[in-house]
Amino acid sequence: MFTYRKAEIQDISAIEELMNLSISKVLGKLTDKKELEASYESMGLDTKLIEDNSYFLIFEEDTLIGSGAVSYTHLRAHETVLDLVCRL
């Protein structure tokens, strides 16, 4: 069974560990060494998303298996005339 919760500042090390594992296992098969190193630099954790409560963790039982967020700014970047993001 999967569960989720909002990420907290104390989760940062677990999130970074999961991100590094994901980058090495998934991208490591698709990129050369130079591209893989660049991936670690460009795919860092944005702690502001944790601070504003828009970053979530996904667990299978007690194991962290996923994390992520979609910010309002990200949604607005993909907005079209037919698919408007709610404006306050």
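This is a predicted model: local features need pLDDT of at least 70, side-chain atom pairs count only at pLDDT 80 or more; totals for chains, interfaces and linings use all residues.
Colleague: Where does isoleucine 58 lie, and is it buried, partly exposed or exposed?

Modeller: Isoleucine 58 belongs to strand S2, and because its relative accessibility is 32%, it counts as partly exposed.

Colleague: What does strand S2 pair with, and in which sense?

Modeller: Strand S2, covering residues 55-60, pairs with strand S3, residues 63-69, in the antiparallel sense, and there are six bridges between the two. Within that pairing, tyrosine 55 stands opposite alanine 69 of S3.

Colleague: And how many residues sit between S2 and S3?

Modeller: Two residues separate them in the hairpin, and glutamate 61, which is in the turn, has a positive phi of about 60 degrees.

Colleague: Changing topic, which residues are in the largest nonpolar core?

Modeller: That core has eleven residues, namely Ala7, Ile12, Ile15, Leu18, Leu45, Leu49, Ile50, Tyr55, Leu57, Phe59 and Leu64. Two or more of them come from each of helix H1 (12-26), helix H3 (47-51) and strand S2.

Colleague: What is leucine 64 in contact with, leaving aside neighbours within four places in sequence?

Modeller: With that exclusion, leucine 64 is in contact with Ala14, Ile15, Leu18, Leu57, Ile58 and Phe59.

Colleague: How many salt bridges are there?

Modeller: The count comes to one salt bridge, in which the side chains of arginine 5 and aspartate 11 meet at 2.8 Å, N to O.

Colleague: Are those two partners buried or exposed?

Modeller: Aspartate 11 counts as buried because its relative accessibility is 11%, under the 20% cut-off, whereas arginine 5 is partly exposed, since its relative accessible area is 33%.

Colleague: Finally, what is the overall layout?

Modeller: The protein has four helices and three strands, and its elements run β-α-α-α-β-β-α from the N terminus on. Of its 88 residues, 22% count as buried, and the protein exposes about 7000 Å², with carbon and sulfur atoms supplying 57% of that area. Among contacts between residues at least 6 apart in sequence, 53% join residues at least 24 apart.

Key
Residues are numbered from 1 along each chain as its sequence is written. Side-chain values use heavy atoms; hydrogens and water are left out. Two strands pair if DSSP finds at least two bridges between them. A nonpolar core is a set of buried Ala, Val, Leu, Ile, Met, Phe, Trp, Tyr and Cys residues joined through side-chain atoms within 4.5 Å. Buried means under 20% relative accessible area, exposed over 50%, partly exposed in between (1.4 Å probe, protein chains only). Contact means heavy atoms within 4.5 Å. Accessible areas come from the Shrake-Rupley method with a 1.4 Å probe; for residues, only the protein chains shown count as cover. A salt bridge is a side-chain nitrogen of Lys or Arg within 4 Å of a carboxyl oxygen of Asp or Glu.
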